[in-house]
Amino acid sequence: MTVVAIAFFTLIILGAPIVFAMGVSSTMAIVSEGVPIAIVSQRMFGGLNSFTIMAIPFFVFSGLIMEHGGIARRIIDFATALVGWIRGSLLLVSVVSGTGLAAISGSGSADTAATSSLMLPEMRRRKYNIDFAAALMAAAGSLGPIIPPSIMMVILASVGNLSVGDMFLGGILPGLLMAVGLLIVGYAHARYHSSTYSEVTKFSLRRLGLSFLKAGPAFMMPIIIIGGIVGGIFTPTEAAAVAVAAGLIIGLFVYRELKICNIPRLILRAASISASVMMIIATASIFSWLIARENVPSELVSFLQGISDSPWVFLAFLNVGLLMIGMVMESISAILILIPVLMPVAESYGIDPLHLGVVVILNLSIGMITPPYGITLFVASSIAQRPITRVAAKVLFPLLVMIAVLILATYVPSVVTGLPTLLSD
Amino acid sequence: MQVTLWVAGQLLKSIRAVVAMMVVIFFSYMIVAVLAQVFGRYIFNYSIAGVSETATFAQIWMVFLAAGLATREKLHVGVDILYAVLPRPLQRVVAVLILVAGTWFLGLAFIGSWRLIQVGMMQTSPALQIPMWLAYLSFPIGIFYFALEFCISYIRKIWVSIDISENEETAK
């Protein structure tokens with residue numbers, strides 16, 4: 001196991017793509033222990049031979065459709081009508097849009113890219129503090145994996161043998177609480193620097209109604225996805241395929257911003273993005289096979305139980321550890337490495353696996369806005385054309401709000417498990 | 001030499017075009033198959049057996065083939081904070097190291113996949129009795145193309161002065 005760890009971290013530090021860091025280090029362990037090499041291929045194949053993870057390419061594709069099909073713009077129009085009349089309007093609009101997009105797409109960076117590229121020009125014109133705005137949009141974008149649908153949750157559920165539907169429901173309340181917190185941060189910022197942020201769009205009920213009607217087809221998507229899964233009408237993978245179909249119909253025939261001839265290009269893009277994620281899943285299944293073979297979880301259980309048998313202490317360590325991991329590691333590989341180890345440990349502390357799963361997702365999503373490796377922070381600052389260090393300097397308050405919700409969700413499990421329990425009965 | 005390079009370039013172009021086409025076909029099939037499953041169940045009240053099995057096989061083909069495409073689009077992410085600040089000679093050393101390690105891994109996975117295919121000659125899938133080698137075959141083919149693109153991208157990193165700008169256009 002030490003071979004794997006040393007090789008893995010060396011390769012990561014040297015900047016090797018994660019799929020190779022994972023593949024090379026696990027294969028080294030396989031070879032050094034004299035296990036037949038066919039195991040490598042067999043495990044990789046097995047990792048991909050799953051109907052559940054097919055939700056990943058579908059959600060990636062529906063995210064791209066959303067980006068190119070005019071759906072994002074309708075959501076922003078609706079958010080403008082909804083909160084654009086309040087001081088600091090564009091900040092609030094971007095948080096509401098980020099939350100709305102999170103309910104349609106499954107990835108944080110796609111949400112951040114969509115809101116930042118559409119909101120920033122107008123923010124510049126109104127002389128907003130661009131660094132703060134980018135940091136806030138990065139934070140709103142990081143709600144993408146928390147508010148369903150979520151690619152990260154599909155992966156975690158498939159590795160940890162959890163119900164994707166329950167995970168999705170568990171993320172709703174923490175996600176919305178974070179959104180409210182970010183709205184407050186945005187409003188407070190606008191109040192504090194009041195002169196710049198006074199320009200607002202006047203509230204009009206007519207405009208609100210019209211923009212709602214226009215965004216209506218887009219809002220059907222989360223209803224179809226979540227409603228369908230919770231109602232037992234279809235599996236998450238089927239829901240994702242239906243989301244693709246709905247997105248295509250909306251983009252091609254309702255908003256008419258998508259052209260048939262562009263679809264093969266979007267498919268290729270979706271396939272490449274999914275393949276980069278799913279190849280990590282494939283190589284991680286060699287790794288998880290090693291973990292199980294070496295009995296790592298049970299050794300970790302006895303070690304940790306020896307330190308403290310309180311689930312509270314364990315959860316505190318878990319949060320600190322995960323926040324640190326989230327700072328330096330890409331979230332999907334973190335899930336693939338950690339969940340096989342963490343699940344048995346958490347169970348030994350009597351922690352509900354669903355609760356643990358959502359807490360892990362919350363932590364790693366927060367990791368998306370913490371430097372140095374904060375993916376949505378990176379996306380927002382590159383679209384804003386600002387140095388990432390400047391944007392990162394403004395991320396403190398959004399970050400604190402998200403951590404506050406994380407602590408609440410960690411120590412009041414019903415924040416997470418309440419909705420799934422309520423709806424499954 | 002010039003001719004060899006030209007032929008290699010043309011060959012690469014056609015391989016890429018074929019792979020891209022196959023990826024689009026497999027991806028589209030996955031969507032259509034899963035939708036057919038849903039509509040078959042609710043609208044026609046008719047269950048299409050084994051659709052999810054064929055869709056899953058299409059997914060395996062899609063992922064192994066698109067892994068190489070993702071390399072071209074620089075989608076296989078790593079943490080390159082340290083790499084970015086290394087002096088150029090050291091960057092080259094690191095790139096050689098990653099190239100060697102990565103090729104070693106892909107090579108072993110390639111060899112292992114032939115054993116898988118040998119087993120697959122005798123296996124059939126649980127639902128539709130499809131010969132398993134049809135699914136396993138995606139592995140060596142995909143890994144081969146992945147290794148090709150991986151080597152091209154790292155050789156370029158090590159030796160930037162090589163002029164492959166012709167291929168750069170198609171990468172967009």
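Me: Where does A:Ile233 lie in chain A?
Reply: A:Ile233 sits in the loop between helix 11 (205-230) and helix 12 (236-254) of chain A. Helices here are DSSP runs (H or I, at least four residues), numbered from the N terminus. This is a predicted model, and local features need pLDDT of at least 70. Residues are numbered from 1 along each chain.

Me: Why is A:Ile233 called partly exposed?
Reply: Buried means under 20% relative accessible area, exposed over 50%, partly exposed in between (1.4 Å probe, protein chains only). A:Ile233 has 39% relative accessibility, so A:Ile233 counts as partly exposed.

Me: Which residues form a nonpolar patch on the surface with A:Ile233?
Reply: B:Phe39, B:Tyr42, B:Ile43, B:Phe44, B:Tyr46 and B:Ile48. Together with A:Ile233 they have about 750 Å² of accessible area. Patch residues have over 30% relative accessible area and no salt bridge, with nonpolar side chains joined within 5 Å. A salt bridge is a side-chain nitrogen of Lys or Arg within 4 Å of a carboxyl oxygen of Asp or Glu.

Me: What makes A:Tyr373 buried or exposed?
Reply: The relative accessible area of A:Tyr373 is 15%, so A:Tyr373 is buried. A:Tyr373 belongs to the loop between helix 17 and helix 18 (375-384) of chain A.

Me: What does A:Tyr373 touch, not counting residues up to four places away in sequence?
Reply: Its contacts (heavy atoms within 4.5 Å) include A:Met329, A:Gly367, B:Val77, B:Gly78 and B:Val79. A:Met329 is 44 residues from A:Tyr373 in sequence, yet 6.7 Å away in space, C-alpha to C-alpha.

Me: Which residues of helix 21 (residues 414-424) of chain A are buried?
Reply: A:Val415, A:Val416, A:Thr417 and A:Pro420. Their cover includes helix 10 (164-192), helix 17 (353-366) and helix 20 (396-411) of chain A.

Notes:
Chains lettered and ligands numbered in written order. Predicted model: local features only at pLDDT ≥ 70, side-chain atom pairs only at ≥ 80, totals over all residues. Heavy atoms only, no water. Patch = residues over 30% accessible without salt bridge, like charges linked within 9 Å, V, L, I, M, F, W, Y side chains within 5 Å. Areas by Shrake-Rupley, 256 points an atom, 1.4 Å probe, with all protein chains shown as cover. Helix = DSSP H or I, 4+ residues; strand = E, 2+ residues; numbered from the N terminus.
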